[in-house]
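Subject: Structure for you to look at

Hello,

Here is the structure I said I would pass on. Please open it and keep it beside this email while you read.

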Amino acid sequence: MPDAGAHYDKFSRRYDLAALVLRRFQRQAVAALRLRPGDLVYDLGCGTGLLLEHLVAAVGPTGRVVGIDLSEGMLERARARVAGAGWDNVELVRADLTKYLPDERADSAIFCLSLSVIPVYEEVLAASVKLVKPGHRMVVADSWKCHGRWYHPLANWFIDRKAPWVSANPNNEVGACAARYLKEVTYKETMFGVYSIAAGICEG
């Protein structure tokens with residue numbers, strides 16, 4: 001995979017500030033997983049760990065959360081977040097998701113604001129569905145262009161302008177890609193179409 005981690009090593013200090021406005025979106029994304037106490041969930045492209053508190057709350061003390069990222073800079077901040085919160089059921093792993101082979105398949109997995117910044121996002125998604133138990137859920141919560149509603153041109157204009165700042169591809173097809181690798185996919189828009197949530201079932 002191209003070294004997307006190098007960019008995010010540099011960006012890690014600013015990332016939390018950029019993502020603070022998206023806490024409601026993050027909660028909605030985790031809710032779409034339909035997690036239960038005791039579940040094992042993978043946070044794919046976990047970054048600085050902003051999603052961890054929502055995942056930990058959803059799986060409870062008997063559940064486990066594994067955060068995976070390629071950027072060591074991002075993971076350093078995530079480790080500090082985990083240590084500060086005292087979460088003993090969170091594991092952080094530095095890995096390339098196209099090659100990651102865990103010992104155990106998860107009950108569910110989520111990409112939150114991570115897949116669209118990976119140049120080989122389709123390859124990553126194809127590999128990642130195999131990390132989840134067949135018949136269980138995966139969520140892709142991200143930013144991709146939509147069409148058909150009156151506000152979509154404005155949302156797409158905003159996506160074009162924010163994409164370079166987060167090193168994302170503004171013309172990514174992450175939303176369509178989710179439908180190719182997941183079954184029974186449902187879509188939900190938020191923030192007037194700037195962000196969307198795709199939720200579906202893994203078969204691999």
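Below are some notes on the strands, a surface patch and the cysteines. Please keep in mind that this is a predicted model.

Start with strand S4, residues 106-112. Seven of its seven residues are buried, so S4 is largely enclosed by the rest of the structure. S4 pairs with strand S1 (residues 40-44) in the parallel sense, over four bridges. S4 also runs parallel to strand S5 (residues 132-142), and six bridges join these two. To get from S4 to S5, the chain passes through helix H5 (residues 121-128), and this β-α-β crossover is right-handed.

Ser108 in S4 is the bridge partner of Val41, and Arg137 in S5 is the bridge partner of Ser108.

Next, the surface. Leu154, Trp157 and Phe158 form a nonpolar patch there, and together they have about 340 Å² of accessible area. Trp157 sits in helix H6, which covers residues 152-162. Is Trp157 buried or partly exposed? Its relative accessibility is 45%. Buried means under 20% and exposed means over 50%, so a residue in between is partly exposed. Trp157 therefore counts as partly exposed.

Last, the cysteines. Cys146 has a relative accessible area of 11%, so it is buried. Cys202 is at 0% relative accessibility and therefore also counts as buried. A disulfide is a covalent bond between the sulfur atoms of two cysteines. The count of disulfides in this model is zero.

Regards

How values were computed
Residues are numbered from 1 along each chain as its sequence is written. This is a predicted model: local features need pLDDT of at least 70, side-chain atom pairs count only at pLDDT 80 or more; totals for chains, interfaces and linings use all residues. Side-chain values use heavy atoms; hydrogens and water are left out. A disulfide is a pair of cysteine sulfur atoms within 2.5 Å. Buried means under 20% relative accessible area, exposed over 50%, partly exposed in between (1.4 Å probe, protein chains only). Patches are made of residues with over 30% relative accessible area and no salt bridge: like charges are joined within 9 Å, nonpolar side chains (Val, Leu, Ile, Met, Phe, Trp, Tyr) within 5 Å. Accessible areas come from the Shrake-Rupley method with a 1.4 Å probe; for residues, only the protein chains shown count as cover. A salt bridge is a side-chain nitrogen of Lys or Arg within 4 Å of a carboxyl oxygen of Asp or Glu. Two strands pair if DSSP finds at least two bridges between them. A crossover is right-handed if, with the strands pointing away from the viewer, the path from the first strand over the helix to the second runs clockwise.
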